[in-house]
Amino acid sequence: MAEIERESMEYDVVIVGAGPAGLSAAIRLKQLDSDLSVVVLEKGSEVGAHILSGAVLDPSGIDALIPDWKEKGAPIKTKVTKDNFYLLGEGGHMRVPNWPMPPLMNNHGNYIVSMGNVCRWMAEQAEELGVEIFPGMACSELVYDGDRVKGVVAGVFGLEPDGSYGPNTEPGMELHGKYVFIAEGVRGSLAKELIAKYDLSKESGPQKYGIGIKEIWDIDPEKHREGTVTHTMGWPLGSNAGGGSFAYHAENNQLFLGFVVHLNYKNPYLRPYQEFQRMKHHPVIADLLEGGKRVAYGARAITEGGYQAMPHPVFPGGALLGCSVGLVNVPRIKGNHNAMLSGKAAAEAAYEALKAGREGDVLDSYATELKEGPVGKDLKRVRNVKPMWSKFGLAASLALGGFDMWTNNLFGLSLFGTLKHGKTDAAATGKASSFKPIDYPKPDGTISFDRLTSVSFSMTNHEESQPCHLRLKDPEVPIKVNLPEFDEPAQRYCPAGVYEVVEKDGKPEFVINFQNCVHCKTCDIKDPSQNINWTTPQGGDGPNYPNM
Ligand SMILES: Cc1cc2nc3c(=O)[nH]c(=O)nc-3n(C[C@H](O)[C@H](O)[C@H](O)COP(=O)(O)OP(=O)(O)OC[C@H]3O[C@@H](n4cnc5c(N)ncnc54)[C@H](O)[C@@H]3O)c2cc1C
Ligand code: SF4
């Protein structure tokens, strides 16, 4: 094929991803020097369209970035007033009192927010400072200059279904930066390439993940308690997998209801989506939902590896930010504050470098700040909680994890040192022959729903004539390897029903309904053969979340 000719544009800093990390970096750069040229590229149709978070926001990030955020009208209004933690059994529940919880688990002082709306507001702040933001621009390729990253390719549209260039193909543009920040969130496709190319994970353990599925409900105002935060663990997952639910009473009588399943589960018959649907029938939750209406649905993976799984965040010409490094404090289920702080720290490092006339080199000061500054401190003190969950199961790890967080909190040390994570989540998947299929109840259509009905509440859309963005390294693997060995779990872990095994001419065939993909990235993480590569579809496609 002939060399593709693209126009290019030059910036001081190019930022991929308009989440809290990317937008914080953009804002900080312009606060430091209004003459810097900064561009943010976002694959969603608008800023916020692909943002999905809980979310209870620890305001330490936004406080550091925009101290007068209240006066500036940030959509951060609902203070947490009540914090509940329940252990669920099949019919009953037990409330765990707040007093044995380490102080870092306390949610008072935090806010219930829609991070989609917070990002929309942050984008306005960035634009007022002169940042250029281009939504609907998927960054599909990195541009290298020798050993350094020089930029990205964005805005390729109209490829033929086989991926070739046709009469309607727009080749996109190259956006070059003196530094390139990758803020794609969890399991970014460019971040994955960079981590492999520069071997950025060589000194950390494997990254760990969960899948988070979320619904927004308009609930009966009589049952709504604005500011109440509830977390649960236990039923229905039991010993099948780790995870739990969250229910946040947001403003406007809305309930942000979600369920996280740790992706290191072994049983390939497990269906995270159905576990969530089943959980909603527990009396503690069902009572809240009765008389209400589900108004939105979505899913997104969440990083869980924490401190010991952080890849080295810098490479020649750029940096990884936010959940591209994996900055979620897992027991607190909070990563937005660290995403913001990482964006701010990366911006400060780039500003110093540019001021000194440097470009395209390694921003070592950002790597040091991330590990030793507030983000590293936040993650270090909870570093053993996730490995304990994986090793000891729910009950023992609640006690041991709590003890470990207390010793870290009081004395700044852990008696366990730094526990390692075991295998990758893909490698943790067990053979189907060692497990029995799980019998899930049928959805009732009122509280619980089937997958495809749910997907319609994510407003997902993909132009059908484009190439499938879920690329199989070897198209034979799903039927020849995954089906006999794991009963092809993609049929079950995908929260959007993208993957099916159907019978055609008496033979099984693997079908990918890529149009339904909600960009959660679970397939890229959990496929036991690591045969699925999530790549960007054309810009603007994917979910259209309102206020996730
Ligand atoms: C279910 C769930 C519940 C959570 N609850 C909480 C909570 O209560 N509190 C909390 O603090 N944290 C919570 N988190 C974690 C928090 O959401 C993340 O830590 C945070 O979103 C990370 O921010 P980010 O900017 O790194 O990435 P993201 O918020 O994921 O933003 C990345 C952006 O980059 C865009 N993008 C990605 N790739 C490309 C590309 N190649 N080209 C162009 N654009 C691209 C995406 O579309 C997206 O808009 C939760 C996460 C989940 C999944
Ligand atoms: S295809 Fe993959 S990324 Fe898309 S919704 Fe399904 S699991 Fe998530």
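Helices (H or I, at least four residues) and strands (E, at least two) are DSSP runs, numbered from the N terminus. This is a predicted model, in which local features need pLDDT of at least 70 and side-chain atom pairs count only at pLDDT 80 or more, while totals for chains, interfaces and linings use all residues. Residues are numbered from 1 along each chain as its sequence is written, chains are lettered from A and ligands numbered from 1 in the order in which they are written, and side-chain values use heavy atoms, with hydrogens and water left out.

**Overall build**

The chain holds 14 helices and 22 strands. Its radius of gyration is 22 Å, close to the 24 Å that the globule rule gives for 548 residues, so the chain is as compact as a globular protein of that length. The radius is taken over C-alpha atoms, and the rule is 2.2 Å times the number of residues to the power 0.38. The C-alpha trace spans about 65 × 65 × 45 Å along its principal axes. Of the 548 residues, 60% are buried (under 20% relative accessible area; exposed is over 50%, partly exposed in between, with a 1.4 Å probe and protein chains only).

Helix 5 (residues 272-279) is largely enclosed by the rest of the structure, because seven of its eight residues are buried. Among them are Tyr273, Phe276 and Met279.

In helix 8 (residues 364-372), the buried residues include Tyr366, Ala367 and Leu370. These cover an arc of only 100 degrees around the axis, which puts them on the same side of helix 8; the arc is that of the directions from the helix axis to the C-beta atoms. Their cover includes helix 7 (336-355) and helix 9 (374-380), along with strand 17 (314-315) and strand 18 (318-320). Contact here means heavy atoms within 4.5 Å.

**Backbone sites**

| Cis peptide bond | Omega |
|---|---|
| Gly54 to Ala55 | near -5 degrees |
| Trp235 to Pro236 | about 0 degrees |

Ala55 sits in the loop between strand 2 (38-42) and strand 3 (56-57). Pro236 is in the loop between strand 13 (228-234) and strand 14 (243-249).

Arg187 is not a glycine, yet has a positive phi of about 50 degrees. Arg187 belongs to the loop between strand 11 (173-182) and helix 4 (189-197), and is buried at a relative accessible area of 18%. Asp505 also is a residue other than glycine with a positive phi, near 50 degrees. Asp505 lies in the loop between strand 20 (499-504) and strand 21 (507-512), and counts as exposed at 75% relative accessibility.
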